[in-house]
Structures are given as C-alpha cells and as structure tokens.
Amino acid sequence: MGGIVGRLFREFAVTLSTAIVVSMLVSLTTTPMMCAYLLRNEREQKHGRIYQANERAFDWILGKYRRSLRWVLDHPRLTLTVLFLTIALNVLL
C-alpha cells in the first residue's frame with residue numbers, strides 16, 4: 001500500500017512489533033527475576049486477622065463454587081436446556 005496511508009500503516013506495524021518484542025523480553029527476563037526476589041515462602045510469614053478473614057472468605061466462596069460446579073456437571077441435560085432457553089430468549093428480545 002503506497003502513499004500516506006501506507007506510511008501510517010508501516011509506522012503502526014513497526015510500533016506494534018517493537019512493543020511486542022519489548023513485552024516478550026520483559027516477561028522472559030525481568031518478571032521471573034522480580035518474582036524470585038520479591039516473593040517469599042508463605043509458611044515463614046505470620047499473617048494478620050484481615051488476611052486470615054479474607055482467606056476464610058475465599059475458601060467459603062471456593063467451596064460454594066465447587067458444589068455448584070459439581071451440580072452442573074451432574075445435570076448436563078438441564079444445563080444445556082437452560083443454555084438453549086437463554087439463547088432463545090436473547091434472540092426473541
């Protein structure tokens with residue numbers, strides 16, 4: 001593609017390619033190094049009440065999610081029926 005439009009697309013392609021290469025270099029080098037330096041072993045740390053409360057809340061939510069997922073996996077026909085009804089309702093609306 002020639003002209004001004006071709007130049008703009010070429011500049012955009014160079015910018016995008018450079019951004020992808022820089023992102024790749026950072027993700028392959030700097031990020032693992034920072035993780036190794038900054039992250040500590042969780043067993044060695046003492047956590048406060050807020051952290052423990054958040055952890056209990058997360059475990060409660062995770063338990064509810066596991067039970068609901070198990071129910072859905074145990075009832076595939078009903079799940080598919082609800083899916084198709086939802087799609088039909090969206091098409092109707």
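Which residues in α2 meet P76, L78 and T79 in α3? The answer is W71, V72, L73 and D74, where contact means heavy atoms within 4.5 Å. By class, the contact of α2 with α3 has 5 nonpolar, 1 polar and 1 charged residues.

This is a predicted model, in which local features need pLDDT of at least 70 and side-chain atom pairs count only at pLDDT 80 or more, while totals for chains, interfaces and linings use all residues. Residues are numbered from 1 along each chain as its sequence is written, and side-chain values use heavy atoms, without hydrogens and water.

The protein chain has a mean pLDDT (the predictor's confidence in each residue, from 0 to 100) of 91, and 99% of its residues reach 70 or more. Confidence is lowest in α1, at a mean of 90, and highest in α3, at 97.

Helix α1 covers residues 3-38 and reaches 50 Å from its first C-alpha to its last, close to the 52 Å expected at 1.5 Å a residue. A kink of about 35° in α1 is centred on S27.

Helix α2 (residues 49-74) packs against α3 at an angle of about 95°, with the axes 5 Å apart. The two helices, α2 and α3, are therefore roughly perpendicular to each other (65 to 115 degrees).

Methods:
Helices (H or I, at least four residues) and strands (E, at least two) are DSSP runs, numbered from the N terminus. The expected span of a helix is 1.5 Å times one less than its number of residues. The bend at a residue is the angle between axes fitted to the seven residues ending there and the seven starting there. Axes are lines fitted to C-alpha atoms, for helices over the stretch in contact, and angles run from 0 to 180 degrees between N-to-C directions. Angles under 35 degrees count as roughly parallel, over 145 as roughly antiparallel, 65 to 115 as roughly perpendicular and the rest as oblique. Ala, Val, Leu, Ile, Met, Phe, Trp, Tyr, Cys and Pro count as nonpolar, Asp, Glu, Lys and Arg as charged, and the others, Gly among them, as polar.
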